[in-house]
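Biologist: I am new to this structure and would like to learn how to read it. Could you take me through it, one feature at a time?

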Amino acid sequence: MKQHEEAHASLKWFGLPVLFPYLKRCKKLMISMLALSLLGGIVDIFLPFFPDIAITRFIEPKTLHGIGWFIAVYAVFLIVQTVVNGVLAFWACKLELTIQKDLKNTVFFRLQELSISFYNQNSVGYLHSRALSDTDRIGSTIAWGIFFDAMWNFAYVIGAVAVMLALRPSLALCVIALLPVMAVISFFFQRKLVKTGREVREINSRITGNFNEGITGAMTVKTLGIEKELDDHFKAETANMRKTAVFNGHLRGAFMSLITFMGFAALALVLWQGGRITEAGLLELGTLSVFMSYALNIMEPVRWAVQAFSDLINLQVNIERVHRLLTTVPDVADTPEVIEKYGDSFHPKKENWEDVHGDVEFEDVTFRYPDGDVNVLEHFSLKVPHGTMVAIVGETGAGKSTLVNLICRFFEPTEGRVLLDGRDLRERSQLWLHSHIGYVLQTPHLFSGSIRDNLTFGRPDVTEEELDLAVKRVHADWIVARMKDGYDADVGEGGSRLSGGERQLLSFARALIADPAIFVLDEATSSIDTETEAAIQKALTEVLTGRTSFVIAHRLSTIRSADIILLVDDGKIVERGTHDELMAAKGAYWRLYTRQYELDRTKETWNA
Amino acid sequence: MSNKSKNRKRRSGAAENRRLFASVLKGSLRFFLAGIAAAILMTGCEMIIPQIIRTTVDSCIGSEEPHLPAAVMNFLEGFGGRAYLREHLWVIAAAVVVFALFAAFFRWLSSYENAMGGETLTQNLQDRLFAHIGRLPFAWHMEHPTGDIIQRCTSDVRVIKDFCAGQLFSLVRIVLMIVLAVTFMVSMEGRLTVIAMAFMPIVIAYSLAFHVRIRNQFTQVDEAEGVLSTITQENLTGVRVVRAFGQEAREYDRFFKQNAHYTDLWMKLSTTMAWFWAFGDLFSGLQVFFVVLFGAIFCVQGSMSVGSYLAFISYNSMLIWPIRSLGRMISEMSKTGVSLNRINEILLSEPEQSVTGHGAEPTGDTGIRIEDVSFAFGKAEVLSDVTMEIPQGSTIGILGSTGSGKSTLMHLIDRLYDVPDGQGRITIGGRDVRDIPLAELRGMVGIVLQEPYLFSRTIRENISMTGERTEEERRRAAAIACLSETIEEFTDQYETIIGERGVTLSGGQRQRLAIARMLSEKKPIMIFDDSLSAVDAETDARIRHALSENLGGATVILISHRISTLMEADRIYVMHEGRVVESGTHEELLAAGGTYARIFALQYGTPEERGEVSA
């Protein structure tokens with residue numbers, strides 16, 4: 001599977017402009033947050049003045065005159081601070097969640113449109129983190145990093161600098177001089193910490209992998225008697241973890257120490273220079289206390305502002321990945337004319353949909369996978385009239401899915417056409433096509449939820465009687481009967497509460513309920529017990545009668561009665577005919593069949 | 001051993017947890033103690049600074065008599081006293097910097113020691129868990145889901161580490177800090193200290209109550225997130241089904257609704273948290289407010305100096321965040337008990353016992369006797385009264401259907417399970433396998449499993465898993481297993497990494513690598529448990545041929561469903577539903593005309609000869 005390599009910084013402004021369309025909805029919220037952050041910063045700037053006022057107005061003149069006003073104003077500031085903090089935190093959450101929600105919906109929507117070839121090139125895990133993790137990071141960094149931390153702390157730093165300059169420029173310079181130093185220190189440590197943090201996470205996942213290996217491979221480990229060897233291997237990993245994690249902790253400790261030290265250093269400078277002018281009577285004692293307070297408190301905001309900036313730089317990667325996914329053009333897409341007439345997948349115009357008879361034709365089809373370099377089909381032609389059963393057989397990995405991919409229009413022919421009822425598949429919408437194809441997978445995929453949810457997957461409006469009938473026809477009624485909650489029984493994640501055979505039977509019922517004109521079956525390779533196999537066989541006959549069908553078969557006994565058998569080897573169709581014709585030819589099909597026959601009969605002998 | 005285990009069981013869970021905790025802390029306690037000592041020094045240095053400022057403001061800038069301990073006064077007099085300091089304020093600034101430097105150093109030292117403590121603890125606990133799990137009986141492994149064990153070994157270990165390095169450490173530090181600060185504060189103005197500290201219980205209780213309350217909400221959000229993740233996962237995995245049924249719109253709708261639900265839950269939680277923060281801020285603000293206000297009043301009344309006033313404000317603000325975080329920490333601590341319990345469940349499980357019988361001296365003989373062995377998993381009987389005789393140096397074959405119990409029988413020989421008392425016995429060279437120390441037994445018996453587990457390391461490392469091998473030995477093993485050509489096709493040859501992080505091998509290649517792994521070491525007993533099932537018939541024959549030339553007198557058990565694999569064996573046992581139904585040499589079994597003969601006819605005739613093909 002080809003993973004997208006991480007692209008280098010290629011977007012301007014940290015990729016933020018790319019996000020504008022998704023942020024539009026939150027414009028009001030962002031402006032309000034901006035205003036409130038400024039207010040919060042300003043309130044914080046003025047709080048140190050209260051001790052100043054207390055000293056200058058009350059303590060030095062030794063009077064309590066006017067203390068009522070003092071209390072009142074202070075109380076107002078406190079209330080404003082409380083409200084600003086509360087509201088701002090709430091808004092930041094809201095902004096974060098809104099961005100995340102919208103982005104997730106957009107990405108998920110896009111994933112529904114992208115073609116199967118895209119899915120073949122990207123692993124589920126990769127796409128899963130694009131849809132859920134990247135979007136989370138983008139939301140939280142923008143809301144908390146930019147609109148909360150950066151704004152608030154910038155406001156504080158700039159405001160404090162301005163106030164200090166206004167009060168006493170020479171003294172202000174003592175503090176201001178240290179700010180760039182602090183910024184550089186923060187930036188340096190921030191980068192280092194991100195790097196070692198990543199290393200720690202990597203080692204951690206290796207340790208988890210080791211546990212997994214030790215537990216899953218327990219039988220092998222015991223029979224080989226290599227417990228000690230694995231212990232040593234594991235210990236090397238944990239020792240490495242300790243070293244890296246301690247280094248990370250040590251960096252963090254050094255960083256925090258430096259931040260507080262810088263605060264004290266600024267304080268010492270203020271005390272020295274400010275003390276001199278205060279002694280000389282040129283500066284109020286209260287003002288000196290304001291300066292000392294700024295000196296101590298300004299370093300943290302600088303650090304947070306730097307952190308927000310560094311987060312923003314790191315966010316670029318996430319933005320780019322999401323952006324790339326959102327701008328990927330599906331390989332298979334309906335033309336505007338087709339959408340005009342039949343609607344798209346989300347807004348179908350069913351009134352214009354034609355019924356399907358079921359004549360399929362491959363007309364001089366040449367096909368090459370988008371990521372491949374050889375033609376797997378060359379000038380392939382095949383007529384499949386209504387009601388015909390086509391079987392596709394061959395070794396695992398021989399490329400049996402190609403024809404099915406073309407019929408389902410998961411891929412489009414490189415040259416030539418695939419026709420349904422005499423018309424090119426591309427002339428009708430994908431949704432129209434898919435609504436008329438029943439598809440049962442090799443490993444039947446059920447969705448978590450109830451049996452009913454799964455059975456009605458293709459046709460939500462099905463009646464109870466139809467449901468009963470379909471389940472009976474594929475001999476799956478006993479599964480439903482076995483469940484306490486019947487149709488409403490929970491199947492577990494991916495159908496995990498059911499056995500493989502049960503999942504298979506239910507997926508037949510699901511396909512039957514959708515009542516398609518064309519049926520595609522990708523048969524299971526895994527061995528199922530004989531009884532279930534017999535049940536599946538019966539169900540299959542039931543489902544296939546009267547429909548055009550394409551069966552990818554592993555058990556050749558299933559398809560002896562097929563009208564056309566295609567044998568695929570190394571991606572190409574090498575033999576073609578009925579069972580009898582191919583057996584008479586004594587070629588690859590004959591060999592394959594003989595071998596399987598032998599195995600099947602061995603099994604039967606045991607059960608006799 | 002057995003006495004000890006009974007003692008263990010008698011102890012209560014809480015006592016066990018305390019014992020585990022004590023043992024976990026053992027290796028890292030000194031780091032934590034050093035960390036706390038450094039934290040005390042750091043706090044001390046930081047707390048002196050406001051005192052310096054107080055004295056400076058009052059006595060250098062102002063004109064009050066300094067109130068300082070005699071020793072400090074004497075020291076200052078030596079410097080030239082107040083007058084000198086007034087003229088040379090930089091000395092005071094330098095003192096601040098020096099104390100700040102010490103504070104920074106101790107802060108760094110404290111976090112370094114703390115990290116050492118936490119990481120050492122994690123390392124020790126994880127090493128211990130890993131080693132213990134590796135030595136638990138196979139039956140234990142069958143009973144416990146992998147995901148759950150991993151969770152215990154990672155997340156629960158982290159909870160305990162966070163408890164020691166995070167919560168416990170901070171708690172000790174914060175309490176010390178409060179004590180120190182309060183001492184300084186009381187020395188300056190007792191009443192004001194009471195006013196400032198009055199908020200402490202309120203803030204702690206409030207934040208504790210809050211964190212306990214929202215835990216439930218957090219669980220809900222986590223669950224909703226889990227569902228959203230599952231929907232995405234299933235949609236991506238089942239993309240073909242979704243497309244084939246044309247259900248994109250419905251899937252989007254499902255995602256959209258769950259996303260909205262999840263966001264709503266978060267929004268609710270955010271609202272609660274915003275209120276909490278706001279009130280937290282209000283309490284802190286009020287704490288400062290009262291100190292500023294009453295401090296001013298006390299100053300005006302003359303019971304306090306300006307310098308003390310400023311120092312007081314500094315101390316007060318130093319305490320605000322630590323106090324606010326106390327509630328959260330205490331609430332997190334309650335998780336630790338649960339985690340200790342979960343880890344203890346693993347560590348208290350009895351490991352495999354090397355000898356379960358009476359013990360017996362080695363005899364040098366490797367003949368195996370299986371005498372009337374019965375075995376059941378729970379109520380399901382897997383083997384009943386199986387008897388086999390496998391003389392030293394002989395090769396026997398076992399033919400059997402799926403579920404006939406042949407693999408379980410092999411597992412009993414290698415003691416992955418023990419034959420229960422009174423259910424027959426298995427002996428090697430006359431010694432009951434339960435009397436043979438595990439290491440000796442498993443060193444003697446080599447098994448290739450049907451679905452062998454390979455490690456995601458290089459081919460070389462996989463082959464030499466049981467100890468260092470010379471290149472010669474490796475090549476020989478690979479050659480017998482017919483793996484040399486496959487390996488040569490890889491660019492990195494023996495250094496090719498396989499598995500998750502490297503090349504994916506086919507079923508047949510995996511089996512052959514497992515065979516090479518076993519053969520790389522000379523084993524007097526070799527068992528091939530259907531280990532050629534995924535290999536084609538020709539390769540199977542080549543491997544058997546190469547093998548027979550390299551047996552070196554080993555006792556061999558071959559299990560297969562292919563007659564050709566077994567027919568040359570000295571004796572063949574046919575097993576069905578846990579019993580031996582036929583036995584004898586190939587010729588004898590053919591003559592008997594039973595199951596074996598029927599299967600032979602099937603595998604060695606052509607379909608046409610049987611006239612059943614084009615039905």
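What follows is a conversation about domains, strands, helices and contacts.

Modeller: Welcome! This is a predicted model, in which local features need pLDDT of at least 70 and side-chain atom pairs count only at pLDDT 80 or more, while totals for chains, interfaces and linings use all residues. Residues are numbered from 1 along each chain as its sequence is written, and chains are lettered from A and ligands numbered from 1 in the order in which they are written.

Biologist: Let us begin with chain B. How does its radius of gyration compare with that of a compact globule of 615 residues?

Modeller: The radius of gyration is taken over C-alpha atoms, and the globule rule is 2.2 Å times the number of residues to the power 0.38. For 615 residues a compact globule would come out near 25 Å, but chain B has 37 Å. Its C-alpha trace spans about 120 × 65 × 55 Å along the principal axes.

Biologist: Which domains does the assignment give for chain B?

Modeller: Domain bounds come from an automatic or database domain assignment. For chain B they are domain 1 (13-187 + 335-351), domain 2 (190-303) and domain 3 (368-604). Between the C-alpha centres of domain 1 and domain 3 of chain B there are 56 Å.

Biologist: And what about the domains of chain A?

Modeller: Chain A has domain 1 (14-327) and domain 2 (334-388 + 397-434 + 560-608). Two residues are in contact if their C-beta atoms, placed from the backbone, lie within 7 Å. By that rule, five residues of domain 1 of chain A are in contact with six residues of domain 2 of chain A. Helix H5 (residues 116-121) of chain A gives the most to the domain 1 side, with three residues.

Biologist: How many helices and strands does chain B have?

Modeller: Helices (H or I, at least four residues) and strands (E, at least two) are DSSP runs, numbered from the N terminus. Chain B has 24 helices and 10 strands.

Biologist: Is strand S3 of chain B enclosed or open?

Modeller: Here we need burial: a residue is buried if 20 or more other C-beta atoms lie within 10 Å of its own, exposed if 12 or fewer, and partly exposed in between, with C-beta atoms placed from the backbone. In S3 (residues 395-400) of chain B, six of the six residues are buried, so the strand is largely enclosed by the rest of the structure. One side has B:Thr395, B:Gly397 and B:Leu399, the other B:Ile396, B:Ile398 and B:Gly400.

Biologist: Which strands does S3(B) pair with?

Modeller: Two strands pair if DSSP finds at least two bridges between them. S3(B) pairs in the parallel sense over five bridges with strand S8 (residues 555-560) of chain B, and also in the parallel sense over five bridges with strand S9 (residues 571-576) of chain B. Look at B:Ile396: its bridge partner in S8(B) is B:Ile557, and in S9(B) it is B:Arg571.

Biologist: In what order do the strands of the open sheet in chain A run?

Modeller: The order is S2-S1-S4-S5, with antiparallel pairing. Strand S2 (377-384) and strand S5 (423-424) of chain A are the edge strands, each pairing on one side only. Strands S1 (residues 360-367) and S4 (residues 415-420) of chain A share five bridges in the antiparallel sense, and A:Phe362 stands opposite A:Val418 in S4(A).

Biologist: Where do the buried residues of helix H7 in chain A sit?

Modeller: Within H7 (residues 169-176) of chain A, the residues A:Leu171, A:Ala172, A:Cys174 and A:Val175 are buried. Seen down the axis of H7(A), they fall within an arc of 145°, so they line one face of the helix; the arc is that of the directions from the helix axis to the C-beta atoms. The face turned away from the buried side of H7(A) carries the exposed residues A:Pro169 and A:Ser170. The buried residues of H7(A) pack against helices H6 (124-167), H8 (178-216), H10 (227-279) and H11 (285-297) of chain A.

Biologist: Which residues have the most contacts inside the largest nonpolar core?

Modeller: In soluble globular proteins, nonpolar side chains tend to be buried together. A nonpolar core is a set of buried Ala, Val, Leu, Ile, Met, Phe, Trp, Tyr and Cys residues joined through C-beta atoms within 7 Å. The largest one here has 325 residues, and those with the most contacts inside it are A:Val270 and A:Ala509. Helix H6 (residues 89-134) of chain B gives the largest share of this core, 19 residues. Leaving aside neighbours within four places in sequence, A:Val270 has contacts that include A:Leu171, A:Cys174 and A:Val175.
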